[in-house]
Amino acid sequence: MSVAVGFPVKGLVQPPREVAALRDPWDRLSGRLPGLSIELEDEFRFGHVVTAVGDEFRLGGSIKGGSSSVWITVGEEVDEGYRAWREVEGISTEPDAEAYYRLKHRLSALSIDMRSHPEEYLPRHGGAYQLLEMLLGLLPDEHLLWLPLEMIVVGGWGPDAAKASAYRDGRIFLYDFVLGGARRTFAGILLHEMGHAFYSGLRPERKRAFENSHSVIACSGALLGTEFLLDATSRVVYQEFLVDEFAAEMYMAFVAQGGRLREFIRGLEGPGADAWRRVYGQYLDAFDGWAYI
Amino acid sequence: MTEERTYLAPTEFDRKAAQRFLAEVLAEIEEEEGRKGKGGRVVLDFSAVHYISSAGVGATLRLYRECRMAGWDVIAVVPDSEIRAVLEVAGIDRLMKIVSEPPKKNA
C-alpha cells in the first residue's frame, strides 16, 4: 500500500504525458515556428484566432461569429503563425467516430449521457472526443458514479456570452471556444469542470470543512497555480477569492499533477499545511483511495 | 462618503498597455491607501477598449487582487458586449461585478 502526504492510497495512476505536462510551465513554441512571437503565442493560447475578412486578416475572438468589433487588423505573417501554432497545439478536427462511440458506451454504463451540439455526433470534433476519452479514462468508475454528473455537452455556445465552459445542474458544457483552442487548455478545463462537480457533490458537513480549510489556505497564501488559458499567477486569483474555483482547480491538480501537488503540500508548514492535508484527504476519499503520479 | 476612483482602460489593451495601466493604477491605489487608509471603490472603465489581450485580462485580475487586498471594492464598466464576452470567457464576472454603464456616485 502506498502513502500520499500521510494518507494510505489504493494505488497511483500515471497520467499520459500530455496531461502530466500541466505540472510544468507551458513550453514556448515562439522562435521555433514561423511568424509566432511570444505575444501571439499567448493570444492563441488564450483562445484568440486569426480570421480572413476580405483581403485582410484579423486577430481577436474568444467570441462567436466573425463580425466581432474587438478584432484588430494584422498581417499575413500572423495568419501563418496562427496556422503553424494550431497544427502543433490545436485540437484535431479530423473525424473519429470510434472514439465517440467508445466514450459514449463507457459513459452510458455509468449513467452519464454525452451529447454534442447541435447534432448528436459532430465529425469535426474527433480530436475533442479523443481527448475526452483519454481524460475520463483516468478517472475510476467508482469516482464517476459518485460525482453528480449526468451529462457532458460538447459544442455550442454559452447562454449569455461565449463562456469557455461550465458545470451547471449536473451537466458539464464544453463550448466551441474550448474545442477551437489548445489541447492543453481543453485538458485543464475539462478536469476543472469535473472539479466543480466534485465540490457540488460534497455532503454539507464535508463542504463546510472544505470551506474552512480553504479560508486557512487562502489566508496563508499557500496556493498552487497552473498555466492554461491564462498564466499561473492569474489563475491563482480565482482560487484565492472563490472556494469553488479552488476546489475545481485543485481537482485538476490532483489528477494531472498529483506528484507536484503532494510535493507542494509536503513543503508547507503551519496551519496552511494542516488545512492542505485535510483538503487532499477529501479528494482521496472522492477518488475511492486512488491517487495520481 | 465612499471614496471612488475611476480608471480608463487602454483602447488596445495589449501586453505593453497592460503593464502601463497596471503600474499606474497600483501606484495611485498605494498612494491613496497611505493618505486615507483602506476603503472605497475602484471602477475599471472599459468604455474605450476595442481589443483586449490575455495580458489585459491578466492585468485586470491582478488589479482586482491588489485592490481587494488594499480594502477597495472593484467593479468593471464594460459597455461593449464583445469585450464583456472576453472577460466572461476568463471568468472575471465571477470575481467582480460587470456593468454596462458607469454607476451613480456612491450607489
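The structure is a predicted model, in which local features need pLDDT of at least 70, side-chain atom pairs count only at pLDDT 80 or more, and totals for chains, interfaces and linings use all residues. Residues are numbered from 1 along each chain as its sequence is written, chains are lettered from A and ligands numbered from 1 in the order in which they are written, and side-chain values use heavy atoms, with hydrogens and water left out. The model scores ipTM 0.91 and pTM 0.93. Where pLDDT is low, the predicted coordinates should not be read in detail.

Chain A holds 13 helices and eleven strands. Both are DSSP runs numbered from the N terminus: helices are H or I with at least four residues, strands E with at least two. The radius of gyration of chain A, taken over C-alpha atoms, is 20 Å. The C-alpha atoms fill a box of roughly 60 × 40 × 35 Å along the principal axes. Of the 293 residues in chain A, 57% are buried, meaning under 20% relative accessible area with a 1.4 Å probe, protein chains only; exposed is over 50%, and partly exposed lies in between.

Strand S8 (residues 151–154) of chain A has two neighbours described here. Strands pair if DSSP finds at least two bridges between them. Four bridges join S8(A) in parallel to strand S7 (residues 113–116) of chain A. Four bridges also link S8(A), again in the parallel sense, to strand S10 (residues 171–174) of chain A. A:Val154 is the bridge partner of A:Ser116 and stands opposite A:Leu174 in S10(A). A:Met151 and A:Val153 point one way from S8(A), A:Ile152 and A:Val154 the other, and all are buried. In a regular strand the side chains alternate between the two faces of the sheet.

In chain B, four strands form an open sheet in the order S1-S3-S5-S6, with parallel pairing. Strands S1 (4–8) and S6 (97–99) of chain B stand at the edges, each with a single partner strand, so one side of each lacks a neighbour in the sheet. Strand S5 (residues 73–77) of chain B pairs with S6(B) over three bridges. Within S6(B), B:Lys97 stands opposite B:Ile75.

Notes: Rg over C-alpha atoms; globule rule 2.2 N^0.38 Å.
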